[in-house]
Amino acid sequence: MSVQLSSINTTSEPETTTTTTVVSRHKYSSLFASDHRDFLLSPTGAQIKISDLEHKTVGIYFSANWYPQCQTFTKLLIQVYNQTQARIDSNFEIIFVSSDEDLNAFNNFYQSYMPWLAIPFSDLDTKKALSKRFDVEGIPCLIILQPDDDYDVSVLHDGVELIYRYGVEAYPFTNERLDELSRQEKEKHERQTLLNLLINHDRDFVLAHSASKEVSVSFLMGKTIGLYFSAQWCQPSHKFTPKLISIYQKIKQNITQQESNEEPEDFEIIYVSSDHNELEFNSSFSVMPWLALPFGDPTSKNLTKYFDIRGIPSLVILGPDGKTVTKNGRSLINLYEEEAYPFTEARVELLEKQMDEDAKNLPSVELHSGHRHELMLVSQGNGGGPFICCDCDEQGLGWAYQCIDCGYEVHTKCVRPVVPVSSA
């Protein structure tokens with residue numbers, strides 16, 4: 001997820017620069033140089049000639065210290081960058097294009113954390129030109145250029161997604177490498193089973209609250225499984241976990257009450273922790289009525305990468321055959337609660353049709369006590385999703401009440417009617 005940019009830095013140093021269309025025959029100079037500058041900055045303040053980038057793969061990193069998503073991604077990008085630099089065939093450089101609020105913020109973010117090069121903070125014209133050239137609408141954004149290709153044709157705009165999905169394995173970011181990774185990923189998902197997802201050479205069980213404390217992964221085969229990615233330090237998890245516990249218990253109760261002649265089924269959730277330490281893990285798991293991967297188990301990080309988990313809490317649903325049913329379990333729980341089970345496409349399609357029918361009986365305009373403007377009923381086709389409900393802070397999709405003036409949006413079930421104030 002990236003934040004939208006209305007402009008790049010409204011504040012800069014007194015110095016002004018003017019970009020030039022061509023400074024030299026080398027394409028990187030035409031991008032990064034100005035009439036007054038043929039260098040880039042290093043974190044130490046040293047001036048590095050732009051010509052030194054010749055024959056290198058270059059990532060242009062649009063980011064800012066004030067946006068948490070940028071801080072999170074920068075940490076990952078630093079790891080990947082350092083890993084590429086340690087390779088014998090390393091030929092990769094990154095250039096930071098700052099959207100920080102002032103020079104101090106730029107210095108704190110760049111010099112304190114980043115090991116790569118940067119456009120000087122004062123060079124507002126070059127930063128604006130780069131943003132316009134590559135149609136940058138939000139941050140973090142990582143544009144990747146190959147040295148010997150036409151960047152109008154071969155430029156990669158989805159560097160952030162590639163780093164999140166593949167890490168250093170995406171290097172050198174060529175089409176051939178990315179095609180190979182995509183093929184490997186497809187084959188891996190086709191071979192996916194519950195066993196190869198959850199067990200490793202040291203462990204073939206998950207943790208339980210029962211006296212035995214361990215449940216064999218093989219015992220879970222044939223069940224619908226939810227992988228719950230969460231952590232004690234995550235504030236949205238504090239709101240969603242109690243809701244998920246309630247829904248989990250209702251689903252289990254509904255399954256128990258099924259007629260005995262129906263096909264047997266079962267549902268289980270496994271906690272995949274991002275806790276900082278075992279104390280946090282124990283605190284989180286102690287309130288959960290389901291299972292968990294052991295704290296610190298490498299499978300947790302592998303699953304986070306495998307399912308491309310960008311934020312928590314997140315709920316991935318696996319079918320009885322071990323294949324992925326949906327990665328949008330959290331959103332489906334918010335929308336349909338226990339009715340979402342078993343989360344299949346057929347079930348969701350049925351629920352969506354029911355939601356459309358129910359929406360016919362909703363008023364087209366509502367006054368909500370949590371907002372000062374009128375809210376209009378909108379559908380997914382005309383602005384209803386996906387969104388984050390401004391009332392309950394949970395994900396939403398489909399029908400919603402939306403403020404046309406300011407974008408305020410809530411689930412239809414979260415509308416609280418305005419109570420008229422009686423006159424004395």
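Is R177 buried or exposed? At 17% relative accessibility, R177 counts as buried, where buried means under 20% relative accessible area, exposed over 50%, and partly exposed in between, with a 1.4 Å probe and protein chains only.

Before going on, some notes on the model. This is a predicted model, in which local features need pLDDT of at least 70 and side-chain atom pairs count only at pLDDT 80 or more, while totals for chains, interfaces and linings use all residues. Residues are numbered from 1 along each chain as its sequence is written, and side-chain values use heavy atoms, with hydrogens and water left out.

My topic today is salt bridges. The structure holds 14 of them, each being a side-chain nitrogen of Lys or Arg within 4 Å of a carboxyl oxygen of Asp or Glu.

Back to R177. Its side chain forms a salt bridge with that of E180, at 3.2 Å from N to O. Helices here are DSSP runs of H or I, at least four residues, numbered from the N terminus. E180 is partly exposed, at 30% relative accessibility.

Next, R310 and D308. Their side chains meet in a salt bridge at 3.0 Å, N to O. R310 is partly exposed at 31%, whereas D308 is buried at 15%.

Then helix 13, residues 345-359, where E349 and K353 lie four residues apart, about one turn of the helix. Their salt bridge spans 3.7 Å, N to O. E349 is partly exposed at 46%, and K353 is exposed at 52%.

Definitions and conventions:
Helix = DSSP H or I, 4+ residues; strand = E, 2+ residues; numbered from the N terminus.
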